[in-house]
Amino acid sequence: MMEFLAELWRFTRLRKKFWLLPILIMMVVFGGVIVLAKGSAVAPFIYTLF
């Protein structure tokens, strides 16, 4: 996984695709919300946000 992230960072830096960073950050945030909402005590509070 770390190799993939390092390669992705090299790609964005080399090709000057810094506009991809906000998209990737939001994907990570939403992925974390989905993981938290799957089966924890935080789930009812996350569902009220949406």
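Where is Thr12 placed? Thr12 sits in helix α1. The model is predicted. This briefing covers that helix, the residue that follows it, and a nonpolar surface patch.

**Helix α1**
- Helix α1 runs over residues 2-15, which is 14 residues.
- At 1.5 Å a residue, this helix should span 20 Å.
- An α-helix has 3.6 residues a turn, so residues three or four places apart point the same way.

**Thr12: the buried side**
- Thr12 has 1% relative accessibility. It counts as buried because the cut-off is under 20%.
- Thr12 is in contact with Lys17, Phe18 and Leu20, leaving aside neighbours within four places in sequence.

- Met2 is at 65% relative accessibility. That value makes Met2 exposed, because exposed means over 50%.
- Met2 contributes to a nonpolar surface patch, together with Met1, Phe4 and Leu5. The patch covers about 510 Å².

**Lys16: after the helix**
- Lys16 follows α1. Its place is in the loop between α1 and α2 (20-38).
- The phi of Lys16 is positive, at about 60°, although Lys16 is not a glycine.
- Lys16 is exposed or buried? With 61% relative accessibility, Lys16 counts as exposed.

Definitions and conventions
Residues are numbered from 1 along each chain as its sequence is written. This is a predicted model: local features need pLDDT of at least 70, side-chain atom pairs count only at pLDDT 80 or more; totals for chains, interfaces and linings use all residues. Side-chain values use heavy atoms; hydrogens and water are left out. Helices (H or I, at least four residues) and strands (E, at least two) are DSSP runs, numbered from the N terminus. The expected span of a helix is 1.5 Å times one less than its number of residues. Patches are made of residues with over 30% relative accessible area and no salt bridge: like charges are joined within 9 Å, nonpolar side chains (Val, Leu, Ile, Met, Phe, Trp, Tyr) within 5 Å. Accessible areas come from the Shrake-Rupley method with a 1.4 Å probe; for residues, only the protein chains shown count as cover. A salt bridge is a side-chain nitrogen of Lys or Arg within 4 Å of a carboxyl oxygen of Asp or Glu. Buried means under 20% relative accessible area, exposed over 50%, partly exposed in between (1.4 Å probe, protein chains only). Contact means heavy atoms within 4.5 Å.
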